[in-house]
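Here are my notes on this model, as numbered points. Please read them beside the coordinates.

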Amino acid sequence: MLNFDDSRLTAIGLLSEVHAGLMARFQPVMTAAGLSEIDFETLIRLARSPRQRLRMSDLAAQTGLSTSGVTRVVDRLEREELVRREACHTDRRASYAVLTDAGRERLEVVVPQHLQDIDDCLTGLLSTSELEAFLGSLRKIRDVVRPCATAGAQEAEARLSS
């Protein structure tokens, strides 16, 4: 007989519930700033990248979007002047998405409350050692289920160092 109390089902169920609850908690702040969840993810990934830019292909890999999907998001953010595109000087086929001053300013409106929400319902509930273990566990899982989530980050840092 199948065991419906299997801890693996519990783990994925809890993860799903936590994700849905966090996204619901974060949504009002994003909406007030005129950003969708994917808009925010795109802007924050650019903000946290070396020189606040990523190759479009790396941005697609990091966000889990298709190349056409990331193109549509960047097109929209570009119309709002939150992002701009730059040609790659070494590869004509590639281009970069770059965070603009307006994009940074929009994040400066959102991030303080977003950090408070994160602290109130996630990181602030954990001790320092629990948080370190939690982040280590999340990275271990992420590296299996989304190995491209940091695409371009190491290469970009290496290019900046040379």
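1. Start with α1. Its 26 residues should span 38 Å at 1.5 Å a residue, and the end C-alpha atoms are 38 Å apart, so the two agree. The expected span is 1.5 Å times one less than the number of residues. Helices (H or I, at least four residues) and strands (E, at least two) are DSSP runs, numbered from the N terminus.

2. Basis. This is a predicted model; local features need pLDDT of at least 70, side-chain atom pairs count only at pLDDT 80 or more, and totals for chains, interfaces and linings use all residues. Residues are numbered from 1 along each chain as its sequence is written, and side-chain values use heavy atoms, leaving out hydrogens and water.

3. The bend in α1. The helix bends by about 35° at F26, and a proline, P28, follows within four residues. The bend is the angle between axes fitted to the seven residues ending at a position and the seven starting there. After α1 comes G34, with a positive phi near 75°.

4. Burial in α1. L22, F26, V29 and M30 are its buried residues. Buried means under 20% relative accessible area (1.4 Å probe, protein chains only). The cover over these residues includes α2 and α5, with contact meaning heavy atoms within 4.5 Å.

5. Now α5, residues 101-121. Its 21 residues should span 30 Å at 1.5 Å a residue; the end C-alpha atoms lie 30 Å apart, which agrees. α5 bends by about 35° at V110, and P112, a proline, follows within four residues.

6. Which residues of α5 are buried? They are G103, L107, V110, H114, D117 and I118. Their cover includes α1, α2 (37-47) and β3 (95-99).

7. T63 belongs to helix α3 (residues 56-63). It counts as buried because its relative accessibility is 8%. Leaving aside neighbours within four places in sequence, T63 contacts I38, E41, T42, R45, V70 and R146.

8. The whole protein. There are seven helices and three strands. From the N terminus on, the order is α-α-β-α-α-β-β-α-α-α. The C-alpha atoms fill a box of roughly 60 × 35 × 30 Å along the principal axes. Buried residues make up 30% of the 162 residues. Of the contacts with a separation of 6 or more, 58% join residues 24 or more positions apart.

Methods
Buried means under 20% relative accessible area, exposed over 50%, partly exposed in between (1.4 Å probe, protein chains only).
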